[in-house]
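Colleague: I am new to this structure and would like to know what stands behind the words used for it. Please show it, and then take the terms one by one.

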Amino acid sequence: MLHDGRCSAEESSLITRTVTAESSRVSALRSGEVTRQSNDISPGGNEMSDGKMLQDKVVIVTGAGRGIGRAIAIAMATAGARVVVNDVGASLSGDGTEKTPAEEVVAEIRGAGGEATPSFESVANWDSAHGIIETALRNYGRIDCVVNNAGILRDAIFYKMTELEWDAAINVMLKGSFNMSRAAAPHFREQQGGAFVHITSTSGLIGNVGQANYASAKLGIVALSKSIALDMARFNVRSNCVAPQALTRMTASVPANTPEQKLRAERRKLLTPDKNAPLCVFLASDAAREVNGQVFAVRRNEIYLMSQPRPMRSVHRSEGWTPQTIAEHMLPALRSSFVPVDRIIDVFGWDPI
Ligand SMILES: NC(=O)c1ccc[n+]([C@@H]2O[C@H](COP(=O)([O-])OP(=O)(O)OC[C@H]3O[C@@H](n4cnc5c(N)ncnc54)[C@H](O)[C@@H]3O)[C@@H](O)[C@H]2O)c1
């Protein structure tokens, strides 16, 4: 790895090879070619072999009926996990319910020789989130990983955002991730182990126009994850975040009117949901035992370790500050280090690799 966080050509090709292998495994599972038996004969035969990585583990993936969650659920099953495929079957804005998305993903996994159970309850409600955990315990007797992926969109420019739009986004994503994590936590504590993978977004980590509710929920999830990592490390519980990128109904809904938006929409076509899954499988596995409290981002074949806030620079005056001395001394001293008010496209300005 280079000092600026980019990969060397060799590392990059290793990453590319690994991702490609996982993608073909996912598509093989989709087409019904991979069975539990064929998972067992992956080269190496240890926990680092793709097929064995989650053998005997039980994983809950929320919002797994479509898009990125579906890809994660399939990848988890391909890696040997028994999967609870949770999806309320809501519209993009979070309205309505439908059983078909979760049922179809379960049928796909079972058809390929994997083990999966559907769950149709909402993560946004405390009792139903506990019900999702109960589904795993009832069917499989344990839980090893929860992937908090369920999400909705209620975009609005800030000065027009309604209380309803704010509450809906916070309830599904931030409160939903809390509900699920809190319901799993006593079981993880008792069994002295477990992993949380929380799906965050560059909208929260970097910023995007018209997404105050979504970005707040997603950055709140980072704080939730870090807090769980701190509180539960003593029980061998790990908690990490992944900011995915993919062309799904969620990103397909982003307007593409300006040349800049059209460029982003064009780039997005390269971003298939399955590209986000291998990292989630790794984080769920024992191979990630040393990884806790981290924030990653995925963009096609790129994996990023994202920064977390730390002091950058400081100034001090031994006699203390007044508003005037702040203007005269602090401002010129720190101005050159101010962080620009960037959007995602300002930071990720090049084509996905
Ligand atoms: N697509 C991207 O580029 C992108 C980028 C950053 C983050 N994300 C995040 O990734 C996750 C998946 O998004 P996607 O793009 O696959 O969207 P999607 O709309 O295709 O899938 C989201 C799923 O969540 C389900 N869901 C919604 N509310 C739920 C609830 N209360 N309980 C259970 N399930 C519920 C929906 O029914 C849907 O099937 C979301 O958290 C999203 O915010 C996506």
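Modeller: Helices are DSSP runs of H or I with at least four residues, strands are runs of E with at least two, and both are numbered from the N terminus. The model is predicted, so local features need pLDDT of at least 70 and side-chain atom pairs count only at pLDDT 80 or more, while totals for chains, interfaces and linings use all residues. Residue numbers start from 1 along each chain, as its sequence is written. On this basis the protein has 13 helices and eight strands, and Ala102 lies in helix α4.

Colleague: Why is Ala102 called buried?

Modeller: A residue is buried if 20 or more other C-beta atoms lie within 10 Å of its own, exposed if 12 or fewer, and partly exposed in between, with C-beta atoms placed from the backbone. Ala102 has 28 C-beta neighbours inside 10 Å, so it counts as buried. Of the 353 residues of the protein, 42% count as buried.

Colleague: Which residues are in contact with Ala102, leaving aside its neighbours within four places in sequence?

Modeller: Two residues are in contact if their C-beta atoms, placed from the backbone, lie within 7 Å. Apart from neighbours within four places in sequence, Ala102 is in contact with residues including Gly65, Val85, Asp87 and Phe120. Ala102 and Gly65 are 37 residues apart in sequence, with 4.3 Å between their C-alpha atoms. For the protein as a whole, 71% of the contacts between residues at least 6 apart in sequence join residues at least 24 apart.

Colleague: What makes α3 roughly parallel to α4?

Modeller: Axes are lines fitted to C-alpha atoms, for helices over the stretch in contact, and the angle between N-to-C directions runs from 0 to 180 degrees. Angles under 35 degrees count as roughly parallel, over 145 as roughly antiparallel, 65 to 115 as roughly perpendicular, and the rest as oblique. α3 (67-78) and α4 (residues 100-111) pack at about 25°, with their axes 10 Å apart. That angle makes α3 roughly parallel to α4.

Colleague: Which residues of α3 and α4 meet?

Modeller: Arg70, Ala73, Ile74 and Ala77 in α3 meet Val105, Glu108 and Ile109 in α4. By class, this contact of α3 with α4 has five nonpolar, no polar and two charged residues. Ala, Val, Leu, Ile, Met, Phe, Trp, Tyr, Cys and Pro count as nonpolar, Asp, Glu, Lys and Arg as charged, and the others, Gly among them, as polar.

Colleague: Why is α3 called oblique to α11?

Modeller: The axes of α3 and α11 come within 9 Å and cross at roughly 50°. That angle makes α3 oblique to α11. The contact of α3 with α11 has nine nonpolar, no polar and no charged residues. Among the residues that meet are Ala71 and Ile72 in α3, and Cys280 and Val281 in α11.

Colleague: How do you know that α11 is mostly covered?

Modeller: In α11 (residues 277-284), eight of its eight residues are buried. Leu279 and Phe282 are among them.

Colleague: What makes α6 roughly parallel to α8?

Modeller: α6 and α8 (residues 212-232) pack at about 15°, and their axes are 8 Å apart. So α6 is roughly parallel to α8. The contact of α6 with α8 has 14 nonpolar, five polar and two charged residues.

Colleague: Why are Asp56 and Gln192 called exposed?

Modeller: Asp56 lies in the loop between α2 (36-40) and β1 (58-62), and it counts as exposed because it has 11 C-beta neighbours inside 10 Å. Gln192 lies in the loop between α6 and β5 (194-199), and its 10 C-beta neighbours inside 10 Å make it exposed.

Colleague: What is the phi of Asp56 and of Gln192?

Modeller: Most residues other than glycine have a negative phi. Phi of Asp56 is near 70°, a positive value in a residue other than glycine. Gln192 is not a glycine either, and its phi is positive at about 55°.

Colleague: Which residues come nearest to the ligand?

Modeller: Of the 34 residues around the ligand, Gly63, Gly67, Gly151, Thr248 and Met250 come nearest. α3, α6 (163-191) and α9 (249-252) are the elements that give two or more residues to this shell. The shell divides into 15 nonpolar, 16 polar and three charged residues.

How values were computed. Near = placed C-beta within 6 Å.
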